[in-house]
Amino acid sequence: MTARLWPALTTLAWVAAQISYPLTAGTARDRVTVSIVVLAAATAMLHATVSRGPGWAAGCAAIVGGVGLLAEIVGTATGFPFGCYHYAHGRLGPELADVPLLVPVAWIGGLYPIWVAAGLLCRRTGARVLTTAVGAVGWDLFLDPQMVADGQWTWCSAQPGLPGAGDIPYTNYLGWFAVGAVMAALLAVLEPRCAPRGAGPAVPIAVLLWTWFGSALAHAVFLDLPASAGYGAIGLGLVAVPTARWAVRRVGRTGRQAVRNGAGDTPRCTGTPEAGR
């Protein structure tokens, strides 16, 4: 089995775990939650390894996981930058400063596909950083209501929130935008240090699109969270929909090129790589 197959296999296991989530409760659901987070991070790091190398993957994990853990520790202790909140204890494994260590792992698994997609959509670094931060907020529009409903963390902020998700203050989304932007800016510094190795973006695109569609479906139909289904569909859709369009166009171009090559046309070299765009 080639190394490039492993991210696809962990993606399939991750989807299966997500599908099982609404079917569980209590301790069983906590175990499924842990599985989902670990499989998402494993998929991200396996793809990063085959596409950029182990050094880049380690740097990505250190940046996203490190910044995420620091933001969560500061956030639970001071209320900045997200607002006042605290985690349930003893449900998601070991903790550091009252923050489950699974949380920075979740940041890795969630942000990586958004970062990859933003690279496909944006040629300028600033635009990629901004798009990644917007995507992080869109992801949290699904994540926070789901985890609050499951009791994984509780908000104590007096600030108002979105209609239908009022327990989660607006400051939370501002915090997610800021933290996501910091992570993306640091990843932009890391990015040029390792050349791509040829692994395509199919796996992170699939993860992003499933997160968008699957979460909207689960919230609307299975988890009784219609407000977050709508908010997340719109918020994460700001990145997911253009990414889906990019993927459709890419498949179309590849198909047309294959037809031309099969008809005897000689592929033309433009002198510059397409770099996945």
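The following legends describe close-up views of a predicted model.

Residues are numbered from 1 along each chain as its sequence is written, and side-chain values use heavy atoms, with hydrogens and water left out. In this predicted model local features need pLDDT of at least 70 and side-chain atom pairs count only at pLDDT 80 or more, while totals for chains, interfaces and linings use all residues.

**View A. The largest pocket.** This pocket (an open set of points on a 1 Å grid over the protein atoms alone, where a 1.4 Å probe fits, with protein on both sides within 12 Å along at least five of seven lines) has a volume of about 850 Å³, the volume being the space filled by probe spheres set on the points, which are joined across faces, edges and corners. It is lined by 45 residues, each with an atom within 4 Å of a point; closest to the centre are Gln18, Ile36, Trp139, Leu143 and Gln146.

**View B. Contribution of α7 to the lining.** With ten residues, α7 gives the most to the lining of the largest pocket. Helices are DSSP runs (H or I, at least four residues), as are strands (E, at least two), numbered from the N terminus. Other elements giving two or more residues include α1 (5-20), β1 (85-87) and β4 (153-155).

**View C. Helix α5.** The 25 residues of α5 should span 36 Å at 1.5 Å a residue, and the end C-alpha atoms are 36 Å apart, which agrees; the expected span is 1.5 Å times one less than the number of residues. A kink of about 30 degrees is centred on Asp140, the bend being the angle between axes fitted to the seven residues ending there and the seven starting there. Gly151, which follows α5, has a positive phi, near 80 degrees.
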